[in-house]
Amino acid sequence: MTTREKPQNLWMGRWGFVLAATGSAVGLGNIWKFPYMTGEYGGGAFVLVYLLCIAAIGIPIMMVEIGYGRRGRGSPIDAIRRVARESGQGAGWSLIGWMAMLCGFMILSFYVVVAGWSVSYLWKTVTGGLSADTVDGMAAIFGANNANPWNLGFWSTLVTVVTMVIVGKGVQEGIEKSVRWMMPGMVIMLGIMIVYAMFSGGFGQALDFLFGFEIGKLSSAGLLAAMGHAFFTLSLASGAILTYGSYLPDGKSIARTTFTVAICDTLVALMAGLAIFPVIFANGLDPASGPGLIFMSLPLAFEQMPLGTLLEAIFFIMLTMAALTSAISMIEATVAWLNESKGISRVKAAWGTGIVLWIVSTLAMLSFNVGADWTLVGKNVFGWLDYLTSRWMMPLGGLGMAILAGFVLRDDIFRSELGLSRTQHALWLFMIRYVSPLGIVVIFIDALGVMTLDMGRQWPWLLAALVVLTVIGELFSPRLRKQLAG
Ligand code: PHE
């Protein structure tokens with residue numbers, strides 16, 4: 001019996017997968033990154049574009065990833081190779097899997113540093129270390145927390161160890177058992193915070209800020225950031241969703257689970273916004289204060305509230321849980337690959353990966369103190385890991401997966417994996433062949449600096465490009481037409 005046929009390597013049910021995938025998707029991206037990006041890019045317009053990107057790029061690609069995982073039943077490398085082979089394609093396509101796996105590893109190596117901030121803030125809250133009464137005071141605390149490599153390294157090492165212990169335990173025992181209580185717990189805690197925020201005095205302002213869609217405010221930078229964030233927040237093209245998909249039992253609807261995960265992820269991000277911005281506004285703080293938003297402004301607001309310390313502790317517990325359920329998913333691909341392809345036991349694979357991860361994450365951690373000046377073209381290690389993964393590797397991986405599924409693989413593979421109705425399948429095919437790839441290419445054009453996009457004005461061109469692309473594509477590879485014709 002291969003490892004894969006043993007029942008403990010499948011989720012215990014539809015909810016097992018949904019919880020784990022939601023746990024992966026919901027993380028620092030939702031609670032830390034989404035609010036501060038929304039703040040920086042001006043609120044409602046960013047939120048609107050982000051939602052569009054989730055719908056047009058994120059959801060179709062997530063379906064593809066889960067499909068590869070379940071069809072190929074393995075780590076990204078093995079699953080993609082198998083699925084490609086089924087269509088008579090070469091092993092070269094598994095490069096997409098290699099990149100995804102590497103991407104998950106690289107994200108985790110800076111993610112543990114941010115998760116470490118969260119744990120250290122929980123500790124500070126409990127031990128009374130967050131008692132400053134100005135933003136500058138809070139910034140000084142944040143700075144001091146970062147300045148000492150031993151301190152910062154301790155917290156990120158702790159996160160690394162906990163992650164590896166959970167992953168080492170395996171799918172049902174480790175991952176599924178932890179997300180089973182962590183995810184609902186997190187949603188309850190967010191709910192408590194929103195109820196509190198409703199009475200804080202800034203709720204109306206926060207609603208306006210988050211949902212006042214002013215299309216005029218749409219900047220090209222905001223638009224592109226929103227697209228990159230859609231990948232990040234849904235854990236796409238980084239091995240996580242694909243590997244989790246490989247544990248999904250046959251017969252569960254990929255489309256339905258994808259929608260559930262994407263909707264939960266989006267709701268948590270919006271809930272985080274609703275919990276955080278009222279506090280910010282009620283205290284007259286700046287919503288555009290950047291990555292420090294939840295570590296500098298928020299603790300300050302909490303300090304001034306009745307029951308503030310309790311809420312603050314709840315907030316950082318929640319953030320830590322969200323980070324952990326994402327962290328385990330980033331490394332599951334590597335551990336599964338070492339385990340299944342290289343025959344290394346899960347525990348050994350987890351610890352081996354953990355040691356390499358610890359080395360890279362230590363370099364990322366040092367970016368905040370002694371290694372702040374170890375820069376290459378203006379970016380330190382932490383900056384490079386973040387930039388390479390979200391700007392390049394995820395979109396490139398997503399593009400590769402979309403092209404493979406839309407143009408290269410045998411048509412019946414995804415038709416049977418997804419099991420959609422004819423119209424639904426045609427819509428999915430249109431998204432995966434034309435809409436998502438075009439969106440991704442737009443990110444690349446901007447990242448290469450070839451031209452600066454101004455989507456507010458150039459959208460008619462984009463629409464034209466989409467039409468031309470679809471016509472050309474269907475002339476040379478008339479899959480969509482066939483699907484529509486039945
Ligand atoms: N989606 C996670 C978050 O929002 C991050 C993540 C990226 C998780 C890639 C897994 C893989 O925090």
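How far from an oxygen atom of the ligand does a polar side-chain atom of Asn30 lie? The distance is 3.3 Å, within the limit for a polar contact (a pair of N or O atoms within 3.5 Å). The model is predicted: local features need pLDDT of at least 70, side-chain atom pairs count only at pLDDT 80 or more, and totals for chains, interfaces and linings use all residues. Residues are numbered from 1 along each chain as its sequence is written, and side-chain values use heavy atoms, without hydrogens and water.

A backbone N or O atom of Phe232 lies 2.8 Å from one. A polar side-chain atom of Ser235 lies 3.0 Å from a ligand nitrogen. Alone, the ligand exposes 320 Å², and the protein buries 100% of that (Shrake-Rupley method, 1.4 Å probe).

The shell around the ligand holds 17 residues (a heavy atom within 4 Å). Ala25, Gly29, Tyr111, Phe232 and Ser235 come nearest. By class, the shell has eight nonpolar, nine polar and no charged residues; Gly counts as polar, and Ala, Tyr and Phe as nonpolar.

The ligand sits in the largest cavity (more than half of its atoms within 2 Å of the grid points). A cavity is a set of points on a 1 Å grid over the protein atoms alone where a 1.4 Å probe fits but cannot get out; lining residues have an atom within 4 Å of a point. The volume is about 120 Å³. The lining comprises 16 residues, with Ser24, Phe232, Ser235, Ser326 and Met330 nearest the centre. The largest share, three residues, comes from α14.

Notes: Polar contact = N/O pair within 3.5 Å; in protein donor to acceptor, adjacent residues only side chain to side chain. 1 Å grid on protein atoms, 1.4 Å probe; cavity = no way out; pocket = protein on both sides within 12 Å on 5 of 7 lines; lining within 4 Å. Points joined across faces, edges and corners; volume = space filled by probe spheres on them. Helix = DSSP H or I, 4+ residues; strand = E, 2+ residues; numbered from the N terminus.
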